[in-house]
Amino acid sequence: MVYQGEHLFIGQFGHFSVLLSFVASLVATFAYFKATQTTVPEEHNRWKKLARITFIIETLAVIAIFVCLYSIIYNHYFEYEYAHQHSKRSLPTKYLLSCLWEGQEGSFMLWIFWHCILGLGIMLQGKKWEAPVMTTISLMQIFLTSFIIGLYFFDLKIGSSPFVLMRDEFPNAPVFQDPLYLQKYLRDGNGLNVLLQNYWMVIHPPILFLGFASAVVPFAFAFAGLWKKDYTGWIKAALPWTLLSAAALGIGIMLGAAWAYESLTFGGYWAWDPVENASLVPWLLMVAGLHTMLINKSTGYSSRSSYWFLFLAFLLLIYSTFLTRTGVLGDTSVHSFTGEGNSLFWHLIIVMSTFAGIFLFTYFKNRKQIPVIHREEDISSREFWMFVGALVLLISAAYISFFTSLPVINDIFGTNKAIGEDPEYVYNRVMVLIAIVLGLLTAITQYLKYKKTPRSFWIKKILAPTIIALIISVLISVFGNIHYNKYGIGYLGAIHLAIFACTYAVVANTVYIWTGAKGKLSLAGGSVAHLGFGIMLVGILISSSKKEVISINRTGIMIPGLKDPKGRDDSGLENVTLIMGVPTPMGNYMATYVGDSSHPADEKMYFKVNYERKDEATGKVLENFTLYPNAFLMKADAEGRTSLSANPDSRHYWHKDVFTFITSMPDPESIKDTANFVSYPVQTGDTVFYSNGYITVDQIIEANKGTNKDLPLVDSAWLAEVTVHGNNGMTYKAQPALFSKANAPIAKRDTVMAQSLVLEVNKENNAISLGIKESNAVMKYITLKAFQFPLINILWLGILLMSAGFFISMWHRFKKSN
Amino acid sequence: MKKIHIVTLVIIAAAIAYMLITLSKDLTTYDTIASAKQKQGKFIHLIAQLDRSKDIEYNPVVDPNFLVFYAVDSLGGKTKVVYHNTKPPELEMSERIVMKGKMNGDVFECKEILLKCPSKYKDDPLQQKKALEYKMQD
């Protein structure tokens, strides 16, 4: 059959580029391997030249893959599965990039792309380390390209190509019996997940994958050290790359948190979800490795531990992909990605065991040769406490990994354990202790000297920052209103202690920028990073312990049987229903659902919710703002059923955010009006009762063509002017009417939305009656949750400063190594 | 032995001891409805499906934090579920429900619901196939 209108060349070219990059990475790995092994300089240069050429060819091929896939999405070639599954015509251009990395193939492509860029950087920068380091990177590149190669090896499918056609994937679907299937049936794609239609999602994956990709570089240097038997020489060259990796991973995680905060509805930026944990753990290990590398460069200690940290950071990074993409997490994660099934599972296990095998074999073969200082570190030395800090980071990483890996542990041992009632607390109560230790270490360690610190010198320097930090943190504790007593006094005490420790870190490192680094920014990278780390922790502590649900339901219903972990009754009623036009108290605010709006080009429905805060005594309006949380009924399955997906909206102040999202709304399609009209004979001045109040009839007007010339369209009219008095004290005017034309009645009903009333006028035997219908169908309402987050901006500021510190150090070290 | 080794050992030992002490408290199990009914008042995870033969009771205008539905599991166990929160929008079309909470008599007091829905698997080949057939009928 000849299909009409397909664009096959671009996909074939794309797939050719995938194959080319795979072959090129094979050749580059082999050539770099030979270049490393040989001792003859001419031979080394010959192999290196071949390796460079093939690596550059690979880079060009990877760029070609991107161009091909993007033009398939941009031009809406829905014969390709990738475009069909991840994009649609109505999607704004700015989100077409997000379509690229919504799919698994796209995220692997990002990873591959950054490997290419980093590889080019090492060609420029690596000097004698280029060949061994690039061998490892290139080997990883072989594995990564194999994820998108999509070839069958006998019956075994290896990787999945982004360039497959719909009709090849579903050859038996009846749609493809028609040569005009593209024009007739596949006119539009399935679109991008609405949650990903967010500007953070345009930049979060590229940065995060830069972090992922860069983690191989420090590991590759460490392995090169073992391989070339230069057991500590690699550290100096690897330092800037380690800094780059820590910064990129850190910013990547932050952007993910910002996205979660702005477009997910779990009410925060961090939920200890496996997907989040999986990227945090490698970052913790990378930072630990960074510190042991610094120790080694300055003192010669911590040589072996540096190898382990960098190896573990890299291995756990692949493991994180394994956790999130193979479906092994199953029921534990809300947003783990869909599984590719068994093939990806084994594919990733092979990648992990290959690298682990090569590293462990080489490490233990050479272990005895790695220089180790047998003299003990002095307890007053900087390296001693830095190493303790690295250990604390390792322990936090191990703790998080253990709980995140429970589903894997269940699979291996056949158990069925799960984290209990309060998963966040399981993490938080340990992390608050870790924060105390890390805060203190971050504060004092910079003031210690390597090898040995004279006591008087240290006390003199650290005294001022200690006093300042004490004063500030006591002020925060006393006036900060931090009374997070959900878990008792012990946990609250730990929070206050952590606030002191982290404030200490902030103050001590700020002071150190002037006293230690003499205000020279190029030398102060470490202090800036530590300062940012301290600010970040302070932000986390305050925003989490002072986070407040303001949409507490005040209907007064207590839930029997629901207790919080300490046995107190849980006030878990965190949703409030707002009826259109009815102001409802929420925290200090009066919230009113004012209306909604939608736009034909945007599938989302925006709800206008007005917040007003008045001074209780004077009635003066102190705050008034409107939030537009949106919700969206998306097509959920093939039968065309819909499901709700909501995006929050926040009012940002410098010191707090008011955060609102829709948790429930009526589906306009599903509302059936089952209520009936009840008629009451009325005259002017009468009062009629309904379930939530009463209605007074202010006036009944009767008119007909004979008496009133203003009635050109109808023969006669009966109009009732009524006032509805709700039990909530509100009054509403309404004017239902009845017209008659050529003896046929025409009812003009009126609705009072806020009271869910429909009113009509009837006339029977010269008597006027008022018909009242109380119906849920007329009532517009939304159910929402609202939080108040204080000082969340401090958290973002901290992460940015920390990353800036990493970049300053990195720049400084790159310059020094040139 | 070096000081740093002692510190290392102490920190690791303390961490392990802490984890072991708290582990039993933090961990819970996945249960069936039948085994959950034996564990009255204990916090567990229940894996079940929505019982479509019974009505879902939810009226946000009256109380947005009150949802009642019935669940049935693969072994045929049935239970009433009370959830003091909003109705998850995809409840009706869920294929599987993971519920965290406690059995209280014949009622499961649910604290958290995770839904496994076809919408989360729009890349799932089976769903895609269905979608293609659906397009044909348009």
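Helices (H or I, at least four residues) and strands (E, at least two) are DSSP runs, numbered from the N terminus. By this numbering, A:L791 is placed in the loop between β24 (781-790) and α21 (792-817) of chain A. The model is predicted: local features need pLDDT of at least 70, side-chain atom pairs count only at pLDDT 80 or more, and totals for chains, interfaces and linings use all residues. Residues are numbered from 1 along each chain as its sequence is written, while chains are lettered from A and ligands numbered from 1 in the order in which they are written.

**Positive phi values**

Most residues other than glycine have a negative phi. The table lists two residues, neither of them glycine, with a positive phi.

| Residue | Phi |
|---|---|
| A:K127 | near 50° |
| A:L791 | near 55° |

A:K127 belongs to the loop between α5 (104-125) and α6 (130-147) of chain A. A residue is buried if 20 or more other C-beta atoms, placed from the backbone, lie within 10 Å of its own, exposed if 12 or fewer, and partly exposed in between. A:L791 is buried because 20 other C-beta atoms lie within 10 Å, whereas A:K127, with 11 C-beta neighbours inside 10 Å, counts as exposed.

**A loop residue of chain B**

B:P88 sits in the loop between β5 (78-83) and β6 (96-104) of chain B. B:P88 has 19 C-beta neighbours inside 10 Å and therefore counts as partly exposed. Leaving aside residues up to four places away in sequence, B:P88 touches B:I113 and B:L115; contact requires C-beta atoms, placed from the backbone, within 7 Å. B:P88 and B:L115 are 27 residues apart in sequence and 8.3 Å apart in space, C-alpha to C-alpha.

How values were computed. Contact = placed C-beta atoms within 7 Å.
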